[in-house]
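I am opening a notebook on a structure that is new to me. These entries record what I looked up, one topic at a time.

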Amino acid sequence: MGYGGYSYEAHETMTRVRAVLPRQEVFKQRRCHPLMEPHGVKWRESRDSDAHPKSLGIVFSLDVTGSMGDIPDLLARQRLPAFMKALLDAGIADPQVLFMAVGDANDDRAPLQVGQFESSERQMDQWLTWSFLEGGGGPAGMESYELAMFFAARHTDLDCWRKRQHRGYFFMTGDERPYGYVSRRQVKQLIGDSLEQDLPVKHVVDELQRTYEPFFLIPDIARARNCERDWRELLGDRVICMEDPTDTVEVAAGLVGLCEGAFSDLDALARHLKTQDMTRQRLGAVIRALTPFAATLGRDGIPRPRLEDDYLPTNDGESGHRRIG
Amino acid sequence: MELQLLKCPGCGAKLPIPSAPNGILVCEYCGAMVSASGAAVWPMPARPADDPPFAPDRPRVTVAGTRYVLLGRLGRGDSSDVFLARRDARITELVVLKVVRALSDADLLTREYEILEALQRSEAQGAEHFSRLLPRPVARGPVKDPEGTPRAAAVYRWHSGFQHAFTEIREEYSSGVDPRAAVWMWKRLLELLGFVHRAGYAHGAVLPPHLLVHPRDHGLMLVGWASAVRYTTRQKLPAFSAAHRDFYPQALLRGETPDPTTDLVMSARCIAWLLGGDPVSGAMPGGVPPALADLLRRQCDEKPAEAADAWRLKELVDQAARESFGPPKFIHFTMPGWR
């Protein structure tokens, strides 16, 4: 997959006409689209071609439970062209995007749906809108994010990695915690793979990051309180807490741009976003969301703190505290 | 269920004692994962060859099963050394690692961690915004120092840019900072205290080394939570900093309960000191406009006559600032290295 050219104008026109349609008209699927069934899929491939000699595989794994369905909706109606444009502007010549939809494997009918890597706006949009926004979800504050990570780790093949040792990007949106294990039974049932035993989610993350730069995007600060800490244990500073889900696109594109070195630091990214007709407030929110990760890259645009070269204290130092009472 | 000591099935190395019976252990030597009951084993997935370890010459320490690279020491508190560190893995996390230097103060570190956990859970108004300006707990547990002594340690998230304590700012601006900058710092501090008080806590140690400033964004963080108390419990302050005795209201040192007012008095004393004034009497150098100097003098008093509430005091600061400098505007504030 991954043939076809990308046209921002065509894409923009396509999304503009739907701005007024109700969600059911944009997302018509009432069950998992047969082509998005993960069962039996051997590989989803992102390949170089004459038209796209430097492909970069990007997976968008979208939580489609409950209120999280707003994000795919937002992408389909308005923001996906902006994401592609932001990537092209950031100097990513040949992005190829695959959409996945994630729900809960214990409760939902279609807990995992998988598209194909695409370069053209029409096909990319087609997979996105074929997603079934089931709107269910698990009861226990968890969703089956680990299945999406498992699928990406074991069933996708990227030329950017295979030919150039360059990792693709894996973005996951969500507001709940992952299950601790990939269930052997669910994998058999949904994907068709045979595992000897349940696989710890840590293990899956480890496999995933061999070929992808994984990120978990939380839509707003209130929802971060449910799940941020658990995700940070797995993904550290790659857990990005946004202030508003409408920023998903700028945040994801900003992450790619920072990692790829298209923006030397957050100041450069802010200057770039300023040219994009963005309000001051939203610009601030995007930069704030990206700051902790940019700091780990050393690209937060801030002088390095004054550090003394020292190891842990030894002996029993004298306390500067005096006890009271 | 009794926990037993496990050996790694991959290489035979001893595994640490699991923290929970259904937890997962990772062998430090070969990377295999083992379930704590010993029933299941997952070998380490093959790693890409292009990932050299981060800064292999820097020292490593392990807290609660996670290994960190020490990047350097940020500073020294009354009982702890504070380091900047990062998780020693490709998927990393920048953290602040606090390790007790005075072993007998381990209880203070534990206290601080528990209070911060509680504050992060607080639902008080503004929690979403203000909890980001408090240290965020990541992990805690003992670390082994180079001599093998276990020391209590706590790991917090690193907040990019919040790296200059009042003490450092005062070193840089030896004759006192611009009063207009001191005004925004005081206002940020009062907003934060307003949230903390609403959540039911008094900080109890609002001191220059505990106030961290983000010069570009005009942000302020409050660290050093070891002395905080839930003020409705009427507990005493557990300890005070000998080096900063002047900043405490005397009544606190005699064993009276810390409350919102004592935090406000200490906040005024810190600002007075930052301006080059005297924290006890509130006497200001000549450059501070009279309206602001007056307010500071009144608030540095042990028992201020007005404003027992952080929000009310912020209004008074606003008023004094307007009287001194006219309508508010953004004042560029900088430290060495900042643009």
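I started with Ala55(B), which is partly exposed at a relative accessible area of 22%.

**Ground rules.** I noted that this is a predicted model, where local features need pLDDT of at least 70, side-chain atom pairs count only at pLDDT 80 or more, and totals for chains, interfaces and linings use all residues. Residues are numbered from 1 along each chain as its sequence is written, chains are lettered from A and ligands numbered from 1 in the order in which they are written, and side-chain values use heavy atoms, with hydrogens and water left out. For secondary structure I used DSSP runs numbered from the N terminus: helices are H or I with at least four residues, and strands are E with at least two.

**Chain A overall.** I found 12 helices and 13 strands in chain A. Its radius of gyration, taken over C-alpha atoms, is 21 Å, close to the 20 Å of the globule rule for 325 residues, so chain A is as compact as a globular protein of that length. That rule is 2.2 Å times the number of residues to the power 0.38. The C-alpha trace spans about 70 × 50 × 40 Å along the principal axes of chain A. I read that 62% of the 325 residues in chain A are buried. For contacts I required heavy atoms within 4.5 Å. Among contacts in chain A with a separation of 6 or more, 77% are between residues 24 or more positions apart.

**Chain B overall.** Chain B has 8 helices and 15 strands. Its C-alpha trace spans about 75 × 45 × 40 Å along the principal axes. Of the 339 residues in chain B, 57% are buried. I also looked up its contacts with a separation of 6 or more: residues 24 or more positions apart account for 57%.

**A sheet in chain B.** Two strands count as paired if DSSP finds at least two bridges between them. In what order do the strands of the open sheet stand? I traced β4-β5-β6-β7-β9-β8 in chain B, 6 strands with antiparallel pairing. β4(B) and β8(B) (137-144) are at the edges with a single partner strand each, so one side of each has no neighbour in the sheet. From one strand to the next the twist averages 40°. Angles here run from 0 to 180 degrees between N-to-C directions, and axes are lines fitted to C-alpha atoms, for helices over the stretch in contact.

Then I asked what packs on this sheet. It is helix α9 of chain A (residues 221-235), which touches β6, β8 and β9 (150-157) of chain B. The direction of α9(A) makes about 70° with that of β6(B).

**Strand by strand.** I followed the pairs in turn.
- β4(B) (residues 60-63) pairs with β5(B) (residues 66-76) over 4 antiparallel bridges. Val61(B) has Tyr68(B) as its bridge partner.
- The hairpin of β4(B) and β5(B) has 2 residues between the strands, and Ala64(B) takes a positive phi near 50° there.
- β5(B) and β6(B) (residues 80-87) run antiparallel, joined by 7 bridges. Leu70(B) stands opposite Ala85(B).
- Phe83(B) has Leu97(B) as its bridge partner.

**A helix pair in chain A.** I looked at α10(A) (residues 248-259) against α12(A) (residues 280-297). They pack at about 35°, with axes 10 Å apart. Residues in the contact include Leu255(A) and Leu258(A) of α10(A), and Leu290(A) and Phe293(A) of α12(A).

**Positive phi in loops.** Most residues other than glycine have a negative phi. I noted Asp277(A), with phi near 70°. Asp277(A) lies in the loop between α11 (266-274) and α12 of chain A and is exposed at 77% relative accessibility. Back at Ala55(B), phi is positive at about 35°, and the residue lies in the loop between β3 (41-42) and β4 of chain B.

Key: Buried means under 20% relative accessible area, exposed over 50%, partly exposed in between (1.4 Å probe, protein chains only).
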